[in-house]
Amino acid sequence: MKSKTDCNVCAATVGAVILCAGKGERTGLTYNKVLHMLGQKTVLETALDVFSGINSITDIMVVASDADFSRIEEIVADYPRTTVVKGGDTRAQSVYNGLKARPCDIVVIHDGARPFVTEDLILRSVKSAVEHGSGIAAVRSVDTVKRVNSDGEVQSLPRAELYNMQTPQTFRYSEILSAYERGAANCTDDAEVYAAAGYSPRLIEGNYDNIKITVASDLYRSLPRSCRIGAGFDVHRLVKNRPLILGGVNIEYDLGLDGHSDADVLTHAIMDALLSAAGLPDIGVLFPDTDDKFLGASSIELLKDVTNRVKKRGLTVGNISAVVAAQRPKLAPAISEIRKRLAEAMNIEVEQINVSATTTEGLGIIGSGKAMSANAACILTECANK
């Protein structure tokens with residue numbers, strides 16, 4: 001019996017080209033949007049999970065720029081039948097490079113910035129390509145679209161005839177390769193290249209959830225639908241003859257934080273944020289200062305315990321943002337190591353946690369240098385395998 005992920009429409013070899021060579025500058029990110037984290041996985045990994053789960057796709061070509069090639073190679077190493085190919089200066093050149101890398105009978109071309117593609121949509125596009133030469137995902141336009149010429153004249157277009165193109169766009173390999181070899185000047189998608197070469201694109205019904213991450217607002221739209229927000233706060237006095245530990249890192253200073261455990265105020269705030277989002281008791285209940293078992297305890301080890309409790313609730317860390325308030329010492333030099341230690345304890349990427357430091361401009365107990373505090377906020381999402 002064939003599994004759900006077997007392509008039962010043909011005996012043809014099926015390959016995939018996933019485009020990840022763009023810069024994604026319109027998102028406002030300082031890095032390629034396919035490397036943006038969605039929960040514990042990148043945008044690219046989220047898409048690759050779907051493609052690699054389709055057993056009949058024999059080869060997956062991920063097209064990457066020189067700047068991202070090494071990082072994407074690291075990601076792709078965890079996926080079978082997947083290879084990284086160098087992209088070109090334009091989308092058309094990147095597609096062509098991907099096509100040439102591994103000939104096949106049917107090829108699925110997909111934008112890596114569309115992480116929510118489904119197996120069903122991919123397989124329907126393959127079926128259409130086998131039967132009709134192409135299968136291009138598209139959805140009817142839900143907006144009224146106007147054409148405005150250079151003189152400012154506005155013309156209404158019949159909405160019933162308008163479609164928004166998506167990917168995957170799937171073709172008989174020989175036909176789309178031939179189309180790209182004839183040139184793709186000024187074409188904005190593969191269907192246009194295919195049509196310019198004299199072929200007839202065949203549309204299939206796409207999916208409105210199959211969004212392409214393009215602008216900053218799409219990063220928020222791409223958040224998992226089921227997520228929880230948590231907040232945590234902690235404060236400890238500074239005293240002599242105690243080490244100053246923040247985020248598991250020992251900071252050189254003549255005072256340290258006072259408490260039953262190592263009094264790591266930052267880690268405590270993060271733990272309470274995680275527990276609050278998961279609907280679990282706070283650290284005062286779980287690790288009471290009346291229990292000698294936690295005397296001098298490492299807060300980083302307690303954070304590992306909290307992370308496991310959160311995981312047992314079917315939740316995973318999306319991201320964390322934390323702020324330490326301290327008049328002194330200067331914490332900026334230690335922030336990088338702090339983020340690394342915290343990420344290791346929670347088994348997440350460093351990019352999923354941000355830590356900053358501030359002062360209170362000399363105000364209050366913190367401004368007088370007698371204490372430190374920390375605030376933390378987090379997003380937890382449901383685990384994919386819940």
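Leu 266, Thr 267, Ile 270 and Leu 274 in α8 meet Ile 338, Leu 342 and Met 346 in α11; contact means heavy atoms within 4.5 Å. By residue type, that contact divides into six nonpolar, one polar and no charged. Here Ala, Val, Leu, Ile, Met, Phe, Trp, Tyr, Cys and Pro count as nonpolar, Asp, Glu, Lys and Arg as charged, and the others, Gly among them, as polar.

A word on the source. This is a predicted model: local features need pLDDT of at least 70, side-chain atom pairs count only at pLDDT 80 or more, and totals for chains, interfaces and linings use all residues. Residues are numbered from 1 along each chain as its sequence is written, and side-chain values use heavy atoms, with hydrogens and water left out.

Next, Thr 267. Its place is in helix α8, residues 265-278. Helices are DSSP runs of H or I, at least four residues, and strands are runs of E, at least two, numbered from the N terminus. Thr 267 is buried, at 0% relative accessible area; buried means under 20%, exposed over 50%, partly exposed in between, with a 1.4 Å probe and protein chains only. Beyond its neighbours within four places in sequence, Thr 267 is in contact with Gly 247, Gly 248, Ser 299, Ile 300, Leu 303 and Leu 342.

Now strand β7, residues 134-140. Six of its seven residues are buried. β7 pairs with β10, residues 163-172, in the antiparallel sense over six bridges; pairing takes at least two DSSP bridges between the strands. Arg 140 has Tyr 163 in β10 as its bridge partner. β7 and β11, residues 203-205, run parallel, joined by three bridges. There, Ala 137 partners Ile 204.
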